[in-house]
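Here's a quick briefing to read alongside the model. Take a look at the fold first, then go through the points below.

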Amino acid sequence: MLTDVEIDGAVEKFKTVASIEELKQLKDAFLGNSGLIKQALSVLKQASMEHRRQDGPRLQAYKARIEIAFAEAESRIAMQVVSQRMQAEASSLPFQLPK
């Protein structure tokens, strides 16, 4: 079963991921069809009702934290790509833009 420490570590990894490719790999590792969250939810389906009631909300909260970390990382990386493109285009202009 997943722990708070593992999820905290995953969130930190999402904060430091630097490329779209790395982001996709990290997302797949946690949220993909064979990712850790899906595996844990699959195991939970076979657990007793008591365990499902106890662990289900926790796993859903973990999933939500990972999804939020993914969305934030995706936005950050997209902004970096746009910024880099804008800088490249600005440097190719025949004049300088005011700062």
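This is a predicted model: local features need pLDDT of at least 70, side-chain atom pairs count only at pLDDT 80 or more; totals for chains, interfaces and linings use all residues.

Glu-12 is a handy way in, as its side chain meets that of Lys-15 in a salt bridge.

**Salt bridges**
- The structure holds four salt bridges, and three of them are described here, including the one between Lys-15 and Glu-12 at 3.4 Å, N to O.
- Lys-15 and Glu-12 both sit in helix 1, three residues apart, or about one turn of the helix.
- Lys-15 counts as exposed, at 51% relative accessibility.
- Over in helix 2 (residues 20-31), Asp-28 and Lys-24 are four residues apart, again about one turn, and their side chains form a salt bridge of 2.9 Å, N to O.
- Asp-28 is partly exposed, with 36% relative accessibility.
- Asp-55 pairs with Arg-58, with the closest N and O atoms 2.9 Å apart; these two are in helix 4, and because they are three residues apart, about one helical turn separates them.
- Asp-55 is buried at 10% relative accessibility, whereas Arg-58 is partly exposed at 27%.

- Searching the whole structure turns up one aromatic pair.
- Its members are Phe-14 and Phe-70: the ring centres are 6.4 Å apart and the planes meet at 85°, so this is an edge-to-face pair.
- The pair ties together distant parts of the chain, with Phe-14 in helix 1 (residues 4-16) and Phe-70 in helix 4 (residues 49-91), 56 residues apart.
- Phe-14 and Phe-70 are both buried.

**Overall shape**
- The protein chain has four helices and zero strands, giving the pattern α-α-α-α along the sequence.
- Its radius of gyration is 19 Å, well over the 13 Å from the globule rule for 99 residues, so the chain is more spread out than a compact globule.
- The C-alpha trace spans about 70 × 20 × 15 Å along its principal axes.
- Of the contacts with a separation of 6 or more, 63% are between residues 24 or more positions apart.

**Surface**
- Buried residues make up 26% of the 99 residues.
- The accessible surface comes to about 7,300 Å², with 56% of it belonging to carbon and sulfur atoms.
- Val-5, in helix 1, is exposed with a relative accessible area of 66%.

Notes. Residues are numbered from 1 along each chain as its sequence is written. Side-chain values use heavy atoms; hydrogens and water are left out. Rings of Phe, Tyr and Trp (its six-membered ring) pair if their centres lie within 6.5 Å; planes under 30 degrees apart count as stacked, over 60 as edge-to-face and the rest as tilted. Buried means under 20% relative accessible area, exposed over 50%, partly exposed in between (1.4 Å probe, protein chains only). The radius of gyration is taken over C-alpha atoms; the globule rule is 2.2 Å times the number of residues to the power 0.38. Contact means heavy atoms within 4.5 Å. Accessible areas come from the Shrake-Rupley method with a 1.4 Å probe; for residues, only the protein chains shown count as cover.
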